[in-house]
Amino acid sequence: MQEHPRSIYRIVAPAKGFVHRFLYMGLVLAALGLMLLSKADAVLMERVRAQVADAFTPILDAASRPMATVLNFVDEIHALAAVREANEKLLIENTRLLQWQAVARKLEAENASLRGLLKFSPEPSAKFITARVIGDAERVFVKSLLLNTGSIEGVRKGQAVISGDGLVGRVVDVGARSSRVLLLQDINSRIPVVVASTRARAILAGKNRQPPHLLRLPAGTVITPGDLVTTSGHGGAFPPGLSVGRVISVGKAGVIVQPYVKFDHLEYVRVVDFSLGKAPQRSTGKTDRKPTQ
Amino acid sequence: MKPAFWHKLDLWARWSTPFGLTVVLLIVGVIPLHVPGFGVVVPWLPLMAVYHWAIYRPELLPAYAVFIIGVLEDILSGLPIGVNAVIFLLIYGGVLSQRRFFVGKSFNILWLCFALVASGASAANWLLVSLWNATMLMPHTLFFQFLTTVGLYPVLAWILMRWQHTFLREE
């Protein structure tokens, strides 16, 4: 950088101007080239993305904590204001849940005996990795989250990510210390699901701002609003049975599903370390688990 | 010898602040805010910064710095790499070529021009991402982001101006 004062007119001095213009055009072309490259060679770009995200993770982690603290504080105040009402609601819900617990226990016992009868091989159990959301780039056209855990903790590409309410999305990029989750509302998201009552398999496709809809439903399935949608486990990386959402409308626009998760309030999520990268071997009937890499 | 070295160091530090500030704004734009529905209307902070520095101190934010910022924004927000790089570079080039026009104009003119620039940038964003995904995306949410971006511009411009006057005074 020279120290002599620059006035506007120097910028358009011919020789310097030409070089600057050349560099500038070069950079624009390089940017367009990057776009094409990321379309053509997604793996390389993902690695670059993961490295850069790793580098920024400590900063984002630290920067997102103050905001979270402030919001927790605000939530606390709201909660204090409504304590009595909340208490009554919780008591009612508690009684209802105790009833459900009894039903669930009965069903569990029945399930176990039926499995025994059929010699059904159970799913390998899943491990969970808790992660904090440090980047919530809910931009206009991309629905993804940045988490502060990466391959060091065992996160792998393709794993399911859940919160307390249900399925959040799928891991698409993994760095050493960070990972990116594609939310199920993103336009590129495709999740194999099953509609609980009919056991019909379909693909849940995101539509960005609008609720996601189901694709590839078998012809002739009857779906009613209110049906539960859960993951089907096809493809192997997702455990089956994760709750996704509820059908809210069936019509010309297709079958629209409202996800259970409130995507605006995610702070901690869990990454499901399930099938160890391979589809479950149903025919063997064994439940041996290989150690994760 | 020594005073000249520290002086040079001081100057380098000051000159790198436009780039540094833009990166900070980038990070602020990505931090989760947990406000329902707000995520979509996060104002496009790096755009405001690039516009501002392109008008006032383009020599401190050269084209390659704008490129790096665009790529960083793409990486951290999950967009296809290169989209924001193209947009920011085009804005930077456009503003630079019209810099003569901006000399001595009032703030309102600058704001109006920024609104124009932001609308162009939003449209380009929509177009590029639609092309990359090979589908037509819904543009109506862009409009709200455009509104918050244009609305917040005076605040950010004021902050950047104060910074400029305090730390980058030597012409």
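What percentage of the 171 residues of chain B count as buried?

Analyst: The model is a predicted one, and within it 39% of the 171 residues of chain B count as buried. A residue is called buried here if 20 or more other C-beta atoms lie within 10 Å of its own.

The secondary structure of chain B consists of 8 helices and 0 strands, so that its elements, read from the N terminus on, run α-α-α-α-α-α-α-α. Taken along the principal axes, the box filled by the C-alpha atoms of chain B is roughly 60 × 35 × 30 Å. The radius of gyration of chain B is 17 Å, which agrees with the value near 16 Å that a compact globule of 171 residues would have. Among the contacts in chain B between residues at least 6 apart in sequence, 68% join residues that are at least 24 apart.

Chain B also touches chain A, and 43 residues from chain B and 42 residues from chain A take part in that contact. On the side of chain A that touches chain B, the elements that give two or more residues are helix H2 (14-40), helix H3 (42-81) and strand S1 (127-135). Of these, H3(A) gives the most, with 11 residues. By residue class, this side of chain A divides into 26 nonpolar, 6 polar and 10 charged residues.

The partner chain has its own architecture. Chain A is divided into domain 1, which covers 16-42, and domain 2, which covers 44-81 + 123-278, and the centres of these two domains, taken over C-alpha atoms, are separated by 34 Å. A closed barrel of 6 strands is also found in chain A, running S1-S2-S5-S4-S3-S12 with antiparallel pairing, and neighbouring strands of this sheet are turned against each other by 45° on average, direction ignored. In general, the strands of a sheet pair through backbone hydrogen bonds, either parallel or antiparallel. One pairing in chain A is that of strand S3 (residues 160-162) with strand S4 (residues 167-174), which run antiparallel and are joined by 3 bridges; A:Ala160, for instance, has A:Arg170 in S4(A) as its bridge partner. H3(A), named above for its share of the contact with chain B, lies across S1, strand S2 (144-147), S4 and strand S5 (179-183) of chain A, and runs at about 75° to S1(A).

A:Arg199, in the loop between strand S6 (190-195) and strand S7 (200-207) of chain A, has a positive phi of about 55° although it is not a glycine. A:Arg199 is exposed, because 9 other C-beta atoms lie within 10 Å, and a residue counts as exposed at 12 or fewer. A:Arg216, in the loop between strand S8 (210-215) and strand S9 (228-231) of chain A, likewise has a positive phi of about 55° without being a glycine; with 12 C-beta neighbours inside 10 Å, A:Arg216 counts as exposed. The loop between S6 and S7 of chain A also holds A:Ser197, which is partly exposed, with 13 other C-beta atoms within 10 Å. The C-alpha atom of A:Ser197 is separated by 9.8 Å from that of A:Val222, and these two residues are 25 residues apart along the chain.

Definitions and conventions. Residues are numbered from 1 along each chain as its sequence is written. Chains are lettered from A and ligands numbered from 1 in the order in which they are written. This is a predicted model: local features need pLDDT of at least 70, side-chain atom pairs count only at pLDDT 80 or more; totals for chains, interfaces and linings use all residues. Domain bounds come from an automatic or database domain assignment. Two residues are in contact if their C-beta atoms, placed from the backbone, lie within 7 Å. Helices (H or I, at least four residues) and strands (E, at least two) are DSSP runs, numbered from the N terminus. Ala, Val, Leu, Ile, Met, Phe, Trp, Tyr, Cys and Pro count as nonpolar, Asp, Glu, Lys and Arg as charged, and the others, Gly among them, as polar. Two strands pair if DSSP finds at least two bridges between them. Axes are lines fitted to C-alpha atoms, for helices over the stretch in contact, and angles run from 0 to 180 degrees between N-to-C directions. The radius of gyration is taken over C-alpha atoms; the globule rule is 2.2 Å times the number of residues to the power 0.38.
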